[in-house]
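Please consult the sequence and the structure as you read.

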Amino acid sequence: SFDVPVGQVTTLLGRNGVGKTTLLKTLMGLVPAASGSIPFDGQDITRAPSYRRVAAGIGFVPQAREIFPRLTVEENLLMGLATRPRGSAIPPRIFDMFPVLKQMMNRRGGDLSGGQQQQLAIGRALAFGPKLLILDEPTEGIQPSIIKDIERAIRSLAETGEMAILLVEQYYDFARALADQYLVMERGEIIARGPGSEMAARGIRRLVAI
């Protein structure tokens with residue numbers, strides 16, 4: 001068991017194949033939970049379909065980004081507003097965090113670079129104002145300059161105190177820089193946890209090194 005507190009970044013680390021992405025898909029209802037329960041914001045969502053979890057306030061940025069390649073940047077962002085009232089506007093803070101999206105509003109998502117697509121995927125998940133933002137390896141295949149932009153965006157989101165953030169990441173330095181608390185998974189179990197400030201002292205890099 002673990003909690004994901006509001007206003008903090010909870011980082012989940014582990015080697016390939018230990019169950020991190022499966023856990024996230026279970027939280028989103030894409031994989032059924034074999035046992036246990038998932039309480040969220042006072043509700044038991046263990047058996048709820050994915051769309052109800054989104055409506056309850058969970059935003060998800062999958063590992064493969066999964067933007068709509070034939071839709072424009074604007075249309076992709078509007079898809080993130082599906083649970084909001086008709087006519088809701090794209091929140092300006094998305095463009096404050098990722099100015100390139102404002103510049104490319106009419107460009108198709110499939111024409112963006114990998115880093116730009118990642119920013120778009122995060123923007124889409126933020127569009128409806130989630131209470132929990134789940135990110136699955138947002139640095140994978142991304143150039144260093146955009147990794148820094150994403151790091152700043154995640155930190156600023158946590159500091160607003162509006163949402164909890166669960167970050168799955170293999171890039172240790174990125175995870176350590178953001179973690180208010182960390183979890184380490186191995187073979188489907190949490191084997192270590194603690195404050196992010198203690199990751200170096202506790203040798204967490206050794207537990208996740210390939």
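A crossing of two helices is left-handed if the near helix is turned anticlockwise from the far one by less than a right angle, and right-handed if clockwise. The model discussed here is predicted: local features need pLDDT of at least 70, side-chain atom pairs count only at pLDDT 80 or more, and totals for chains, interfaces and linings use all residues. Residues are numbered from 1 along each chain as its sequence is written, and side-chain values use heavy atoms, with hydrogens and water left out.

Q: Why is H6 called roughly parallel to H7?
A: Helix H6 (residues 114-126) and helix H7 (residues 144-159) pack at an angle of about 15 degrees, and their axes are 10 Å apart. Angles under 35 degrees count as roughly parallel, therefore H6 is described as roughly parallel to H7.

Q: What is the hand of the crossing of H6 and H7?
A: The crossing of these two helices, H6 and H7, is left-handed.

Q: Which residues of H6 and H7 make the contact?
A: Contact means heavy atoms within 4.5 Å. On H6 the contact is made by Gly115, Gln116, Gln118, Gln119, Ile122 and Leu126, and on H7 by Ile146, Ile150 and Leu157. These residues divide into five nonpolar, four polar and no charged.

Q: Which residues touch the most other members of the largest nonpolar core?
A: A nonpolar core is a set of buried Ala, Val, Leu, Ile, Met, Phe, Trp, Tyr and Cys residues joined through side-chain atoms within 4.5 Å. In the largest one, which has 37 residues, Leu133 and Ile165 touch the most other members. H7 gives the most to this core, with seven residues.

Q: What does isoleucine 165 touch, not counting residues up to four places away in sequence?
A: Its partners include Val4, Val9, Leu133, Ile154 and Leu157.

Q: Why is serine 88 called partly exposed?
A: Serine 88 is in the loop between H3 and H4. Buried means under 20% relative accessible area, exposed over 50%, and partly exposed in between (1.4 Å probe, protein chains only). Serine 88 has a relative accessible area of 25%, so serine 88 is partly exposed.

Q: What makes tyrosine 171 partly exposed?
A: Tyrosine 171, in the loop between S6 and H8, has a relative accessible area of 39%, and therefore tyrosine 171 is partly exposed. Tyrosine 171 touches Thr139 and Ile147, not counting residues up to four places away in sequence.

Note on methods: Axes are lines fitted to C-alpha atoms, for helices over the stretch in contact, and angles run from 0 to 180 degrees between N-to-C directions. Helices (H or I, at least four residues) and strands (E, at least two) are DSSP runs, numbered from the N terminus. Angles under 35 degrees count as roughly parallel, over 145 as roughly antiparallel, 65 to 115 as roughly perpendicular and the rest as oblique. Ala, Val, Leu, Ile, Met, Phe, Trp, Tyr, Cys and Pro count as nonpolar, Asp, Glu, Lys and Arg as charged, and the others, Gly among them, as polar.
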